[in-house]
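Trainee: I am new to this structure. Could we go through it one question at a time?
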Amino acid sequence: MRDSWVRLLSGLVLLGVFAAGTLFGAGLMRWHPPGPPPPHGGPIDAMIHELSLDDAQITALHEIERAHRGELDQIAREAQPRVRAVLFAIEDELRPHLRAAQVQALERWRKTRPPAMPR
């Protein structure tokens, strides 16, 4: 009888903790609601959205972007191998925390990823 009483009280405490966490989370979301999601498409689309550009301004922005496209592509080509190396390191450090099926999925994913951008 004593074991069942301890289990019942433990269950009630656990239920109380979950309920308190739920209420705290709901209160936090009411007090500080998340902002709108960021626009899709990168920084150019973000500029269009955040600055409420009209059609003429959007056309000018795209022309300016085209003029700088070579510079941006060069930066991306130079940085991409470093970013890729860090992402591989993250995956390697995550590997011991994965289940066997997840390790296999990681290996399949690594084999099908596109190669690094050419220099």
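The questions below go from the whole chain to single residues.

Mentor: Keep in mind that this is a predicted model.

Trainee: In what order do the elements of the protein chain run from the N terminus on?

Mentor: The protein chain has four helices and zero strands. Read from the N terminus, its elements therefore follow the order α-α-α-α.

Trainee: What share of the residues in the protein chain is buried?

Mentor: A residue is called buried when its relative accessible area is under 20%. The protein chain has 119 residues, and the buried share is 9%.

Trainee: How much of the accessible surface belongs to carbon and sulfur atoms?

Mentor: The protein chain has an accessible surface of about 10300 Å². The part belonging to carbon and sulfur atoms is 67%.

Trainee: Which residues form a nonpolar patch on the surface?

Mentor: Together the patch residues have about 530 Å² of accessible area. One of them, Leu12, lies in helix α1, which covers residues 2-31. The patch is formed by Trp5, Leu8, Leu9, Leu12 and Leu15.

Trainee: Is Glu65 buried or exposed?

Mentor: Glu65 sits in helix α3, residues 55-94. Its relative accessibility is 17%. The cut-off for buried is under 20%, so Glu65 counts as buried.

Trainee: With which side chain does the side chain of Glu65 make a polar contact?

Mentor: A polar contact needs a pair of N or O atoms within 3.5 Å. The side chain of Glu65 has such a contact at 2.6 Å, and the partner is the side chain of Arg69.

Terms used:
Residues are numbered from 1 along each chain as its sequence is written. This is a predicted model: local features need pLDDT of at least 70, side-chain atom pairs count only at pLDDT 80 or more; totals for chains, interfaces and linings use all residues. Side-chain values use heavy atoms; hydrogens and water are left out. Helices (H or I, at least four residues) and strands (E, at least two) are DSSP runs, numbered from the N terminus. Buried means under 20% relative accessible area, exposed over 50%, partly exposed in between (1.4 Å probe, protein chains only). A polar contact is a pair of N or O atoms within 3.5 Å; within protein, one must be able to donate a hydrogen and the other to accept it, and residues adjacent in sequence count only if both atoms are side-chain atoms. Patches are made of residues with over 30% relative accessible area and no salt bridge: like charges are joined within 9 Å, nonpolar side chains (Val, Leu, Ile, Met, Phe, Trp, Tyr) within 5 Å. Accessible areas come from the Shrake-Rupley method with a 1.4 Å probe; for residues, only the protein chains shown count as cover. A salt bridge is a side-chain nitrogen of Lys or Arg within 4 Å of a carboxyl oxygen of Asp or Glu.
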